[in-house]
Amino acid sequence: MADENVNEQIKIDEKPNNDQILVKAENIQMQFKMNKYKYDTLKERVIGLFKNKKITLTILQNVSFEIKKGESLGVIGHNGAGKSTLLKIVAGIYRPTSGKIQTTGDVVLLNLGAGFDMETNAIENIFLNGAILGFSRKQMKERLNSIIEFAELQEYTDMPLKNYSSGMISRLGFAIAIDIKPDLLLVDEVLSVGDANFQKKCFAKIQELKKSGVSFMFVSHNITQVQNLCEKTLWIENSQVMEYGDSKEVCANYIKYCSKPKT
């Protein structure tokens, strides 16, 4: 068991071997310090500098799991449970307050609107996302047509993203991520956006990528999607792990939990 006072985040850039563990998290805790009161006016803010107190919010506590190459992990739980925060820790955006996490290979977080410049068009955003992920402009140019075609945005490539719908942005983000084919793709509710035909195409592509060895960490409120896509599921409730194991069993227990009358 990890020492709860240890704060360690290790990123190994080498390509993982078959059956290698891509993510190993041990006793992850995440806390944020926030002002106890919110002030709206400048006068209230100045007064608040002298009397406002900080409070500590625990978003995640004692979370442990692992993901092997080619394996997919679902993350379920009610809103505010800490699911999206956990994805950001795995992606390296947040550093855990305590605990240990080690990732191996290329990890990409697919989050609606993340990494996009809303003032520029789809093509420039494809190059921008590629540069963020370490790909040259030449490499992304070779992928350009397949990304635009998969996202079904052929008629809108010159339009600034600020004029896109949330579904169009979601399609673009997903198309970029799957074309790059990272070792681990972190998916945060993105597949709930878009029409049924596009969702069906996304799931078919995910199954294809899984067969090629790409791993997924999949946050969703759609339990059927989690059961169909993920071998294991992590159920988080009130910032802590309620259950972790076989997806069908964990999801069934979560459905029973949700159906119980609230007292």
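Predicted model: local features only at pLDDT ≥ 70, side-chain atom pairs only at ≥ 80, totals over all residues.

Student: OK. How many helices and strands are there?
Tutor: Eight helices and 10 strands. Helices here are DSSP runs of H or I with at least four residues, strands are runs of E with at least two, and both are numbered from the N terminus.

Student: And how much of the protein is buried?
Tutor: Buried residues make up 44% of the 263 residues. Buried means under 20% relative accessible area, exposed means over 50%, and partly exposed is in between (1.4 Å probe, protein chains only).

Student: What about contacts between residues at least 6 apart in sequence, how many of those join residues at least 24 apart?
Tutor: 71% of them do. Contact means heavy atoms within 4.5 Å.

Student: Let's do helices. How do α3 and α4 cross?
Tutor: The axes of α3 (residues 122-132) and α4 come within 9 Å and cross at roughly 130 degrees. That makes α3 oblique to α4. The axes are lines fitted to C-alpha atoms over the stretch in contact, and angles run from 0 to 180 degrees between N-to-C directions. Under 35 degrees counts as roughly parallel, over 145 as roughly antiparallel, 65 to 115 as roughly perpendicular, and the rest as oblique.

Student: Which residues make that contact?
Tutor: From α3 you have A122, I123, E124, I126, F127 and G130, and from α4 there are R137, M140, K141, L144, I147 and I148. By class, the contact of α3 with α4 has eight nonpolar, one polar and three charged residues. Ala, Val, Leu, Ile, Met, Phe, Trp, Tyr, Cys and Pro count as nonpolar, Asp, Glu, Lys and Arg as charged, and the others, Gly among them, as polar.

Student: What's the angle between α4 and α5?
Tutor: About 135 degrees, with the axes of α4 (residues 137-151) and α5 (residues 166-180) 9 Å apart. That makes α4 oblique to α5.

Student: Who meets whom there?
Tutor: On the α4 side it's M140, R143, S146, I147, F150 and A151, and they meet R171, L172, F174, A175, I176, I178, D179 and I180 of α5. Sorted by class, the residues of the contact of α4 with α5 are 10 nonpolar, one polar and three charged.

Student: Is α5 itself buried or exposed?
Tutor: 13 of the 15 residues of α5 are buried, so the helix is largely enclosed by the rest of the structure.

Student: What comes just after α5?
Tutor: K181, with a positive phi of about 55 degrees. K181 is not a glycine, and it sits in the loop between α5 and β7 (184-188). At 46% relative accessibility, K181 counts as partly exposed.

Student: Where is N62, and what's its phi?
Tutor: N62 is in strand β3 (residues 54-68). N62 isn't a glycine, yet it has a positive phi of about 55 degrees. N62 is partly exposed, with a relative accessible area of 43%.

Student: Last one, where's T97?
Tutor: In the loop between α2 (83-91) and β5. T97 is partly exposed at 34% relative accessible area, and the C-alpha atoms of T97 and Q29, 68 residues apart along the chain, are separated by 5.6 Å.

Notes: Residues numbered from 1 in each chain as written. Heavy atoms only, no water.
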